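Let us read a structure together, feature by feature.

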Amino acid sequence: MIRYIDDLQLTGKRVFIRVDFNVPLEGKRVTDDTRIREALPTIRRALEMGGKVILASHLGRPKGGPDPKFTLEPAASKLAELLGPKHEVILADDCVGDAVKKQVKELKDGQVLVLENLRFHKEEEANDEAFSRELASLADVYVNDAFGTAHRAHASTAGMAAFVKEKAAGLLMKKEIEYLGRVLKNPEKPFVAILGGSKVSDKIKVIENLLPKVDALLIGGAMAYTFLKVQGADVGKSRVEEDKLALATKILDAAARLKTPIVLPVDHVVGNALTEQSIKQETPDRNIPADLMGLDIGPKTRAQFTQHIRNAKTVVWNGPMGLFEVDKFAEGTKVVADAMANNRAAVTVIGGGDSAAAVQQMGYGDKMTHVSTGGGASLEFLEGIQLPGIKALETK
Ligand SMILES: Nc1ncnc2c1ncn2[C@@H]1O[C@H](COP(=O)(O)OP(=O)(O)O)[C@@H](O)[C@H]1O
Ligand SMILES: O=C(OP(=O)(O)O)[C@H](O)COP(=O)(O)O
């Protein structure tokens with residue numbers, strides 16, 4: 001059983017909240033504050049419930065020692081801006097040690113203490129027991145709201161849960177488990193999954209887990225060419241994982257046995273380079289000229305995919321339909337986002353990573369039922385793996 005923050009009594013207690021403030025930066029500027037905004041409901045709830053709020057996160061992949069390039073300072077400033085003048089946000093110099101203990105002790109009502117990057121200590125990623133205990137010593141209550149990092153068994157995401165009196169999931173974690181879980185457990189039918197992105201190998205376990213559950217699996221993006229090659233189509237210079245052809249064959253056979261349609265592109269937008277300078281052509285069918293590569297799904301495929309999405313009651317999508325970073329190859333990704341946004345009768349869930357970024361960028365974010373804040377974490381969740389960060393919250 002997992003308890004949620006609302007199930008706890010927080011008045012006067014030190015509430016240690018593991019958040020995922022691993023946000024993209026340009027210098028000192030946070031270029032996408034989604035993860036910070038998504039953590040606000042839990043932070044606000046803990047403050048309203050009278051808790052003394054301590055936030056901890058990693059940022060980037062520093063090499064196990066302090067490094068100013070990876071300070072949480074930009075994230076803490078962004079948080080202060082989002083929380084408004086009623087709350088003071090204090091950034092600690094470290095995440096453990098006597099100075100931090102003192103700051104926790106002196107924390108006043110309404111103040112929020114942000115600990116410095118957990119990965120400045122190599123013990124964090126090593127899930128070191130002594131370090132876990134040290135983090136736990138700062139907490140009366142441990143709340144994990146870092147869904148984006150829930151696939152890591154680190155001290156702050158898993159280890160410390162064993163050494164705290166009380167533990168619970170935060171509201172973002174709750175939302176992620178609810179919506180991603182619904183897709184896996186009892187999706188309303190018809191249930192359509194759309195997978196794209198660069199590699200079959202990244203999505204193989206997701207395909208295997210979803211195949212028996214979905215009414216149709218739509219495949220776009222570069223990964224489609226490995227499947228098309230197996231089926232005997234000409235794929236030209238498209239990205240194909242030659243060493244995954246046998247695997248793709250196995251998946252197509254499994255789908256045939258289950259009578260689950262795998263819908264592959266029937267036409268493409270092709271080019272000769274991965275840049276805006278590339279030529280752009282549409283193919284009349286699924287074959288690609290020898291000297292060109294498939295960089296987006298074509299208009300007939302877009303229409304087919306749209307039709308499937310329009311009729312669905314549950315849609316889950318992970319991975320772009322083409323080289324969406326280049327405008328002239330972004331149409332397929334946009335059409336899928338648009339079709340999902342316009343199906344108001346369906347539960348629409350976007351796995352994190354590039355597809356989530358594309359959906360936000362294109363302005364469809366708030367039109368989806370749920371856009372996951374986790375890339376790797378949402379993929380592993382959809383693979384059916386119990387994430388260590390969630391498992392650690394289980395109580396008897
Ligand atoms: N046809 C294609 N040719 C080359 N690159 C592609 C193609 N389709 C998608 N991509 C690229 O794949 C990347 C996303 O792949 P991936 O990391 O697997 O997706 P996600 O992060 O959503 O799981 C993007 O950079 C996108 O431009
Ligand atoms: O951004 C993250 O992962 P993601 O890019 O897969 O969503 C998480 O914060 C985990 O970071 P990590 O992959 O350095 O452990």
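Q: Which element gives the largest share of the shell around ligand 1?
A: Start by noting that this is a predicted model. To read a shell, group its residues by element. Here helix H12 gives the largest share, three residues.

Q: Which residues come nearest to ligand 1?
A: The shell holds 20 residues. Gly197, Ser198, Ala222, Gly353 and Asp354 come nearest. Two elements give two or more residues each: strand E14 (293-297) and helix H12 (353-361).

Q: How do the residues of the shell around ligand 1 divide into nonpolar, polar and charged?
A: Five are nonpolar, 10 are polar and five are charged.

Q: Which domains does the domain assignment give?
A: Look at the bounds, then at the contacts. The assignment gives domain 1 (5-174) and domain 2 (187-382). Their centres, taken over C-alpha atoms, are 35 Å apart.

Q: How many residues of each domain are in contact with the other?
A: Domain 1 has 10 residues in contact with six of domain 2. On the domain 1 side, helix H1 (residues 34-48) gives the most, with three residues. That side of domain 1 divides into three nonpolar, four polar and three charged residues.

Q: Which residues surround ligand 2?
A: The shell consists of Asp20, Asn22, Arg61, Gly148, Thr149, Arg152, Gly352, Gly374, Gly375 and Gly376. By class, seven are polar, three are charged and none is nonpolar.

Q: How do I read a helix pair, and at what angle do the axes of H10 and H11 cross?
A: Take the distance between the axes, then the angle. The axes of helix H10 (residues 299-311) and helix H11 (residues 331-342) come within 9 Å and cross at roughly 20 degrees. Angles under 35 degrees count as roughly parallel. H10 and H11 are therefore roughly parallel to each other. Their crossing is right-handed.

Q: Which residues make the contact of H10 and H11?
A: H10 brings Arg302, Phe305, Thr306, Ile309 and Arg310. H11 brings Gly332, Val335, Val336, Ala339 and Met340. The contact of H10 with H11 counts six nonpolar, two polar and two charged residues.

Q: Are H8 and H9 roughly parallel or roughly perpendicular to each other?
A: The axes of helix H8 (residues 223-230) and helix H9 (residues 245-258) come within 9 Å and cross at roughly 80 degrees. The range for roughly perpendicular is 65 to 115 degrees. H8 and H9 are therefore roughly perpendicular to each other. Thr226, Phe227, Lys229 and Val230 of H8 meet Leu245, Ala248, Thr249 and Leu252 of H9. These residues divide into five nonpolar, two polar and one charged.

Q: Now the backbone. Is the peptide bond from lysine 189 to proline 190 cis or trans?
A: Most peptide bonds are trans. The bond from lysine 189 to proline 190 is cis, with omega near 0 degrees. Proline 190 sits in the loop between helix H6 (171-185) and strand E9 (191-195).

Q: Is the phi of asparagine 127 positive or negative?
A: Most residues other than glycine have a negative phi. Asparagine 127 is not a glycine, yet has a positive phi of about 50 degrees. Its place is in the loop between helix H4 (122-125) and helix H5 (129-136).

Key:
Residues numbered from 1 in each chain as written. Chains lettered and ligands numbered in written order. Predicted model: local features only at pLDDT ≥ 70, side-chain atom pairs only at ≥ 80, totals over all residues. Near = placed C-beta within 6 Å. Helix = DSSP H or I, 4+ residues; strand = E, 2+ residues; numbered from the N terminus. Nonpolar A, V, L, I, M, F, W, Y, C, P; charged D, E, K, R; others polar. Domains from an automatic or database assignment. Contact = placed C-beta atoms within 7 Å. Axes fitted to C-alpha atoms, helices over the stretch in contact; angles between N-to-C directions. Parallel < 35°, antiparallel > 145°, perpendicular 65-115°, else oblique. Left-handed = near helix turned anticlockwise from the far one by under 90°.
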